[in-house]
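This report describes selected local features of one protein chain. The sequence and structure come first, followed by the text.

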Amino acid sequence: MSDQHYDIVIIGGGVSGCSTAYFLASSKDFSGSILVVEREPTYEHSPSAKASGGFRQQFSTAENIQIGLFGAHFVKHVDEYLMVDGESPDLGFREEGYLLLATPEMTPQMRENNDLQRELGAEIEFLNRDDLTRRFPWLNLLGLECGFLGTRNEGWLDPYSLLQAFRRKARSLGVTFVHDEAVDITYKGSVVSGVKLKKAGEVQTGIVVNAAGASGLTTISNKLGLALPIESRKRCTFVFDCREDIGVTPLTIAPEGVAFRPEGTGFITNCAPPPERDPDTQDVEIDYYLFEEHIWPILAQRVPAFEAIKLTGAWCCHYDVNTLDENMIVDRHPEFSNFFFVGGLSGHGLQQSPALGRAMSELIIHGTFLTLDLSRF
């Protein structure tokens, strides 16, 4: 790396860091130099490459719904944002909806959420039991009151394709990427002045953005006296085949938290482990016990055809979970005004990355959010 000074150094080259780099570099109000530091460019256990790729608007807060709406707009018009040399990235977006299932106890709150979603422009349809039977005859309605189906702008894509599209576009706009690890921060008074890299040494900078995921985010932020409620949680995804063709299947989330969706000729499924089996960890061992003892019984109950399935693969990644409320944290340091951070995305980072990158660029360039106020985060 020949240059040892950049106007902005972004720690973390995952989808949030790359989106921030893209939106900064593409802004007519910014003309500085940008360095993105990524310690693991293979993204082997990163949710930026290994998440299930979902995009949805079915949230309970207005900001998250609006973030989801912009995310859908972004991926459906990706050629307007991330085209390079006349080539538009193929994200493989499948607009086949999310189906959230509700018990009688869950229904009042979810109907209230649905009212807000529809008020803000999200096309989420309420389905009673008869609707569910007609639309999804493969579903066992035992214990269910209703469902909520995204009929437009919800679905899934290939996460790695979106990540690489952000990287390629950012590079084309002059952003520099380096394979290295940020190990320390230098500062003078209340102003951050540089980032120390493990291999390249110190890089001088005027602004630091910490988007390094759970371990990197907390380690670097701690050096500036900022303790964030973010932990690394392992999330395992399992691949299975089903002998029976059950027909049209949206990304379905059961009341117990088990999610599944089609993948190729089979399906993928995942679920957060019970709290007692969900420590702060960097462990990468697949938790097959979770599948056998928790996920599979729920799948078989909700979809009788899934009683006879064959597990064909699995992988894990690490979410940066905000233990306070599982929502993002996007802000600047209260004392070091040129140190910004984004994290705690809790599994929603991919779908929220377009809005987050845009928001971070606004906060850095203009000192405030312009298009969507994310100050509650």
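Leaving aside its neighbours within four places in sequence, which residues is R302 in contact with? They are W138, L139, N140, L142, L144, A254, P255 and E256, where contact means heavy atoms within 4.5 Å.

This is a predicted model, in which local features need pLDDT of at least 70 and side-chain atom pairs count only at pLDDT 80 or more, while totals for chains, interfaces and linings use all residues. Residues are numbered from 1 along each chain as its sequence is written, and side-chain values use heavy atoms, with hydrogens and water left out.

**R302.** This residue belongs to helix α9 (residues 288-302); helices (H or I, at least four residues) and strands (E, at least two) are DSSP runs, numbered from the N terminus. R302 counts as buried because its relative accessibility is 6%; buried means under 20% relative accessible area, exposed over 50% and partly exposed in between, with a 1.4 Å probe and protein chains only. A polar atom of the R302 side chain lies 2.6 Å from the backbone oxygen of L142.

**Strand β18.** In β18 (residues 339-343), five of five residues are buried. F339, F341 and G343 lie on one side, F340 and V342 on the other, and both faces are covered.

A hairpin of six residues connects β17 to β18.

**Helix α7.** Helix α7 (residues 159-172) has 14 residues and spans 20 Å from its first C-alpha to its last, close to the 20 Å expected at 1.5 Å a residue. That expected span is 1.5 Å times one less than the number of residues. Buried residues of α7 include L162, L163, F166, R167 and K169. Just after α7, G174 has a positive phi of about 100 degrees.

**Nonpolar cores.** A nonpolar core is a set of buried Ala, Val, Leu, Ile, Met, Phe, Trp, Tyr and Cys residues joined through side-chain atoms within 4.5 Å. The largest has 50 residues, of which I8, I34, F74, L82, L162 and L374 touch the most other members. Another core, of 31 residues, lies apart from it and has L99, L132, V303 and F306 among its members.

Note on methods
Two strands pair if DSSP finds at least two bridges between them. A polar contact is a pair of N or O atoms within 3.5 Å; within protein, one must be able to donate a hydrogen and the other to accept it, and residues adjacent in sequence count only if both atoms are side-chain atoms.
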